[in-house]
Amino acid sequence: MATDPFSNLDSPQSRLLSSLHRFASVWGTVVIDGVSTVGDISIFGWQMILWMFRAKPKRETLMPNFYAVGVLSLPVVALTGTFIGMVLAIQSYHQFKNIGLETFLGAVINMSLVRELGPVLAATMLAGRVGSAMAAVLGTMRVTEQIDALISMGANPIHYLVVPRFLACVLLIPALTIMADFMGIVGGYFYSVIVFGIDHAQYLRNSREFVGSFDLFTGVFKSVFFGATIAVVSCYRGFHCQAGAEGVGRAATAAFVQSFVMILLLDIVLNIFLDAVYFAIWPSGAKLF
Amino acid sequence: MQESILDQITTPASPNAKRPILETRSMSLQFGRQVILKDVSVNVNKGETIAIIGESGCGKTMFLKALVGLLSPTSGSVIFDGQDIQKLDDQDMTNLRKRFGFVFQNAALFDSMTISQNIAFPLRQHGVPKGKTAQNLISERLAEVGLPSNVLPKRPSQLSGGMRKRVGLARALILEPDLLLYDEPTTGLDPIMSDVINELMMQTRKRYPVTSIFVTHDMHSARKVADRIIMLYPYSRLEHGESQILFDGPPSALDSTKDRRVSQFVKGEAGERLMEMLASRSKGPGDTLSRVDPDHDDGMDEE
């Protein structure tokens, strides 16, 4: 007769097996959930792409989303950009002054802003301000059966609710990124030239010389992917919201956290890709220093 | 051969014979390992008003949602006017949905729209019927549910629960559907407003050639409005092999039923249920349910 390894829980072997069993069970569940969520989000994104081409979105659904994403996010993105530009100037000035390169500060600040900080900050602000709101609104619609009502009246909820939000994020995040870049450049210029007294002409000349169109393109190109990620993840979280106020709250939090993690992951992947593109076009390498 | 000839003779039914507009054939619904509905077969004749009764968690709302494709049955089929709705493609299903009206438990009005936009939503989706204008239709429906026109520019949050339900009914009626489904239309309303909703349902039936199915706990409403009552019982509480439909008949037959579970529900008596719940609580979750049927998971309170 076979003996059950769990029958005598006092033996060290049984305890070890029991711990391994629990470990495998817990982590197995985490891995399965993770893989199934990624699969679900991919299917959700694919359905959204299909619906984008299957039927034209209605103006009445597009405009409120364009307004919420583009117009209402502008002030907070501009403000964040300005402060980040200033902070970069404050943080970098003394190190550059020590080696006599303070006039290159414009190049460093502006390069950091247009390539990296502008798009990532604009996307982060959008994920916090718009992504969470999307998840909360769609989650409330799910919980209060408004999504079921849409379906019962012959409207496809992905076409009616997700496509306009996706288009608003993808089409308007480049504008928000450019705004964050511009205000960051203004903030950096203000602190470097007005407060630290760096020569105005040299600051601008170095900025112009080292920051090129490809750098600006890099930031804007990345922002489109960030916008798409925010829309898909946030809408997915809203659509799969659990019942009750707590469910809606969790959906909003998950939308922001998962969007933010995805933005950072995408940032790495896209930077590697864009660097490869850059060196393929200009094999002589990077221009700065 | 003789049988088929006989079939041909008897099949053309008399004009007065009722034919089912909606059928569920051995419909089952399951989430994971949790069985909500198992082999539920119901025929609904054209023009009938049916009340689906049963305790919370028995799957009434799920049943209603499966009828219009809001949930897909795990097995079995739903046949509406000769068409298996699961086999329809997106476009055909959208077209079929013009013929359905659904009044949700809490009305499910769109918060971001005015009452006028809410009622007009199906018209925007499917187009206004020929020879009518959207504004006329909205005004007509609003008058039918007894609401003044000054609610039209308001938002759903500005209306009371009873008014919201009536707007929900106006929205469901705007395309003059063939099948009207109500999910607990009187729940959460005061007795007067509940009876107003009952009267509106009866008036709707007189005004339109509509087939209605409503889910309710309210026995007064079920007896008053329905031609036929179907009682569903939670699958997890059934004895092995029993049908989930414990009662299917006219309201007058309810009082003469011999099934103790039906009479207990109709009379609203807790009976031994509290003791069962207390006993299961002391034994731990799932004990009572596994005693009823070890094959099933616990019942889900989905409503």
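## Close-up views of a predicted two-chain model

Figure 1. The model shown here and in the following views is predicted.

**Figure 2. Surroundings of A:Leu126.** With neighbours within four places in sequence set aside, A:Leu126 contacts A:Ser73, A:Gly131, A:Cys169, A:Ile173, A:Leu176, A:Gly227 and A:Ile230.

**Figure 3. Contact region between chain A and chain B.** Here 10 residues of chain A are in contact with 15 residues of chain B. On the chain A side, the residues touching chain B divide into 4 nonpolar, 4 polar and 2 charged.

**Figure 4. Overview of the fold of chain B.** Chain B contains 11 helices and 10 strands. Of its 303 residues, 37% count as buried. Among contacts in chain B with a separation of 6 or more, 69% link residues 24 or more positions apart.

**Figure 5. The open sheet of chain B.** In chain B, 6 strands form an open sheet with mixed pairing, in the order E6-E7-E8-E3-E9-E10. Its edges are strand E6 (100-103) and strand E10 (245-249) of chain B, each of which pairs on one side only. On average, neighbouring strands of the sheet are turned by 15 degrees against each other when direction is ignored. Helix H9 (residues 260-267) of chain B packs on the sheet and touches E3, E9 and E10 of that chain. The direction of H9 makes about 70 degrees with that of E10(B).

**Figure 6. Strand E9 of chain B between its two partners.** Strand E3 (residues 49-53) and strand E9 (residues 228-232) of chain B run parallel and are joined by 4 bridges. E9(B) and E10(B) are likewise joined by 4 bridges, but run antiparallel. B:Met231 in E9(B) stands opposite B:Ile53, and its bridge partner in E10(B) is B:Phe247.

**Figure 7. Burial of both faces of strand E9.** E9(B) is mostly covered, with 5 of its 5 residues buried. One side carries B:Arg228, B:Ile230 and B:Leu232, the other B:Ile229 and B:Met231, and all of these are buried.

Figure 8. Within helix H5 (residues 134-144) of chain B, the residues B:Leu137, B:Ile138, B:Arg141 and B:Leu142 are buried. Seen down the axis of H5(B), the buried residues fall within an arc of 130 degrees, so they line one face of the helix. The cover over them includes helix H4 (115-126) and helix H6 (161-173) of chain B. On the other side of H5(B), B:Gln135, B:Asn136 and B:Ala143 are exposed. H5(B) is followed by B:Gly146, which has a positive phi near 70 degrees.

Definitions and conventions:
Residues numbered from 1 in each chain as written. Chains lettered and ligands numbered in written order. Predicted model: local features only at pLDDT ≥ 70, side-chain atom pairs only at ≥ 80, totals over all residues. Pairing = 2+ DSSP bridges. Helix = DSSP H or I, 4+ residues; strand = E, 2+ residues; numbered from the N terminus. Axes fitted to C-alpha atoms, helices over the stretch in contact; angles between N-to-C directions. Contact = placed C-beta atoms within 7 Å. Nonpolar A, V, L, I, M, F, W, Y, C, P; charged D, E, K, R; others polar. Buried ≥ 20, exposed ≤ 12 C-beta atoms within 10 Å, placed from the backbone. Arc of directions from axis to C-beta.
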